[in-house]
There are 4 protein chains.
Amino acid sequence: MLPRPAPAWQTTTWLNTPEPLTLERLRGKVILLHAFQMLCPGCVARGIPQAQRVAEVFAGAPLVVVGLHTVFEHHEAMKLESLRAFLHEYRVKFPVGVDAPGEGGDPIPRTMSAYAMRGTPTTVLIDAQGRLRRQVFGVHDDLQLGAEIQTLLLEAQSQPAEACDDGGCALPLVASRD
Amino acid sequence: MLPRPAPAWQTTTWLNTPEPLTLERLRGKVILLHAFQMLCPGCVARGIPQAQRVAEVFAGAPLVVVGLHTVFEHHEAMKLESLRAFLHEYRVKFPVGVDAPGEGGDPIPRTMSAYAMRGTPTTVLIDAQGRLRRQVFGVHDDLQLGAEIQTLLLEAQSQPAEACDDGGCALPLVASRD
Amino acid sequence: MLPRPAPAWQTTTWLNTPEPLTLERLRGKVILLHAFQMLCPGCVARGIPQAQRVAEVFAGAPLVVVGLHTVFEHHEAMKLESLRAFLHEYRVKFPVGVDAPGEGGDPIPRTMSAYAMRGTPTTVLIDAQGRLRRQVFGVHDDLQLGAEIQTLLLEAQSQPAEACDDGGCALPLVASRD
Amino acid sequence: MLPRPAPAWQTTTWLNTPEPLTLERLRGKVILLHAFQMLCPGCVARGIPQAQRVAEVFAGAPLVVVGLHTVFEHHEAMKLESLRAFLHEYRVKFPVGVDAPGEGGDPIPRTMSAYAMRGTPTTVLIDAQGRLRRQVFGVHDDLQLGAEIQTLLLEAQSQPAEACDDGGCALPLVASRD
């Protein structure tokens, strides 16, 4: 099965970044998308620390770690002000987008739905061409994650960077692979 | 220095208990008071799990584990609704009081001030006669905490329970030991 | 059931101590006896570090931490020279006795048999009067161990050191053991 | 700097394998060589468990995990019989070679010298063409190790195995194995 383009991110706000991030703006870089909820114990104890270590270990590589706050329960408890304090207290430095509320009262936010995530934490790997390559629900093994990231980094290095930056050429390129 | 009566708890709300707790109501029992903030990483990773294990290991003993939500920063981020969800997600079953806001805009809540706590987590041990016996800021050693709790439990067992309920006789009793 | 006198230690050698230790020599002190094998993973990862922390936390108290090398398998692999290097590498500073080989080819060494230990690690608590008060096979909880040690320390402090135990009084009893 | 051929292994015995392993016999596979001492705390607590997880996570890949017992101190304490029991107790299933004693009374064993290892644990990565690609003294990061292994696995997959090594060229060698 060919990898499909990663669904667009539908967010209401971004923290830790001067401007909103999109898949198009990050084209050419490998993306680790870490979907979490600030009150999810597994995210706090394992997922977020792992994402932080990925950012450290692969500093210098064309890799971007991006958080996505996918609140699907206790919505009142995890509003923007709480998330902001959470990121501060846990020293989360990578950009975090707030997933847009589900349509028509759906408790599942939009990006979470588009990726068909099963819960939090979910780790998503997107290659330099914007394609969804890996999605893992729950705690992911460090050795395996390291290997998966490296696969995408080496691909990005060896392949001609046909995808244009700034989103201009991206759609045709992805389309030609479908 | 002789132990002094533990300062009264000044709270706005209680969770995980049908009715508010007071020192007087708990007279005759040893109290482990765990002061925390839901967005304090050390509390979440170490302090609260320790308090939960104390409740398990000493189940059956005349010991009560009580949480105190002493928010002194990011007040907007840790309101009641967030705390409620936090306790649910982290399976905190022991009663938790919400420390009352400081007077005159003081960011330090009242009970936290009364105990002169230096931050969170803070572990407080109160003996069966309502006296403050131990206060530790930061992560406390399990072996040492176990020993300290046992000291107070054995005292409670061996001493005549002369202290009155509802605080009426407490001071004279303590005084008689001075 | 009244506590019984702890069985005598039957050892061939002692390390980390200028002279052999016996229950009689330690009378008046609480004893944590940690029975281990140097190639037992649970001992190395959990038991020995716990015994070391007990020695640190209760430094100053009338408590002695004593190791007992109770080899009941792989005898050729855990001889004295190996044990000596093990204690050096793992920075074990407390005295360690080598349990005497079982009689008549019994693979279970003598002290291990006398205490009816079920395996390693085993944690034994002996009170200041030389009585066996607690024996736990496997990893023991820090909080609980702290409480148990404190119970014996407080007893030692409050009781006249002449107390009677099963069917006899302390002074004659001690005499009868010498 | 071009990678150099990995030095040959000089061993006296092998455990967990029906026949001795050599670099030549493993040509075509990526090798994780884990150099350890059975009484080295860092090896026992971190290095060996990591090597075991590598073997699990990359099961199915053309990767071989090999242990090397490089005793450079306490030689009497870590003889073959002790190592055998150690591997049994710690459930180490991968092949382990015993490094040959240093020449002329050198306490450093031969393979350890040939690789100029600084101590234990040391993690060595050798590519499918037998070349030394990475050598890390001390605890190695899981994410980074996963990435490094994957790099060598992908290389092995994509490259023709034509490289030369010490004293021979790859094509005849590979041919002789076909």
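What follows is a conversation about the fold, the interfaces and one selected residue.

Modeller: Please keep in mind that this is a predicted model.

Colleague: How many helices and strands does chain A have?

Modeller: Chain A has five helices and six strands. Read from the N terminus, the order of its elements is β-β-α-β-α-β-α-β-β-α-α.

Colleague: And what share of chain A is buried?

Modeller: Of the 178 residues in chain A, 53% are buried. As for contacts in chain A with a separation of 6 or more, 72% are between residues 24 or more positions apart.

Colleague: Which residues of helix H2 of chain A are buried?

Modeller: In that helix, residues 80-89, the buried ones are Ser82(A), Leu83(A), Ala85(A), Phe86(A), Leu87(A) and Glu89(A). Just after H2(A) comes Arg91(A), which has a positive phi of about 55 degrees.

Colleague: Let us turn to the interfaces. How many residues are in contact between chain B and chain A?

Modeller: There are 16 residues of chain B in contact with 16 residues of chain A. The two chains bury about 1300 Å² between them, and carbon and sulfur atoms give 65% of that area. On the chain B side, Leu39(B), Glu89(B) and Tyr90(B) supply 38% of the area buried against chain A, more than any other three residues.

Colleague: What about salt bridges and polar contacts there?

Modeller: The count of salt bridges between chain B and chain A is zero. Four residue pairs are in polar contact, both residues being at pLDDT 80 or more.

Colleague: Which elements of chain B give two or more residues to that side?

Modeller: They are H1 and helix H2 (80-89) of chain B. H2(B) provides the largest share, six residues. By class, this side of chain B has nine nonpolar, three polar and four charged residues.

Colleague: Now chain B against chain C. What area do they bury?

Modeller: Chain B and chain C bury about 1100 Å² between them, with 76% of it on carbon and sulfur atoms. In this interface, 15 residues of chain B are in contact with 15 residues of chain C. Zero salt bridges are found across it, and two residue pairs are in polar contact, both at pLDDT 80 or more.

Colleague: Which elements of chain B are involved on that side?

Modeller: Helix H1 (41-57) and helix H4 (142-158) of chain B each give two or more residues to the side that touches chain C. H4(B) gives the most, with nine residues. This side of chain B holds seven nonpolar, five polar and three charged residues.

Colleague: Why do you say that the copies meet through the same surface?

Modeller: Because 100% of the interface residues of chain B are also interface residues in chain C.

Colleague: A last topic: is Gln37(C) buried or exposed?

Modeller: Gln37(C) has 1% relative accessibility, so it counts as buried. Gln37(C) is in the loop between strand E2 (30-36) and helix H2 (41-57) of chain C.

Colleague: What does its side chain make a polar contact with?

Modeller: The side chain of Gln37(C) makes a polar contact with the side chain of Thr120(C), at 3.3 Å. Leaving aside residues up to four places away in sequence, Gln37(C) also touches others, including Cys43(C), His69(C), Phe72(C) and Met78(C).

Methods: Residues are numbered from 1 along each chain as its sequence is written. Chains are lettered from A and ligands numbered from 1 in the order in which they are written. This is a predicted model: local features need pLDDT of at least 70, side-chain atom pairs count only at pLDDT 80 or more; totals for chains, interfaces and linings use all residues. Side-chain values use heavy atoms; hydrogens and water are left out. Buried means under 20% relative accessible area, exposed over 50%, partly exposed in between (1.4 Å probe, protein chains only). Helices (H or I, at least four residues) and strands (E, at least two) are DSSP runs, numbered from the N terminus. Contact means heavy atoms within 4.5 Å. Buried area is the accessible area (1.4 Å probe) that two parts lose on being put together, summed over both. A salt bridge is a side-chain nitrogen of Lys or Arg within 4 Å of a carboxyl oxygen of Asp or Glu. A polar contact is a pair of N or O atoms within 3.5 Å; within protein, one must be able to donate a hydrogen and the other to accept it, and residues adjacent in sequence count only if both atoms are side-chain atoms. Ala, Val, Leu, Ile, Met, Phe, Trp, Tyr, Cys and Pro count as nonpolar, Asp, Glu, Lys and Arg as charged, and the others, Gly among them, as polar.
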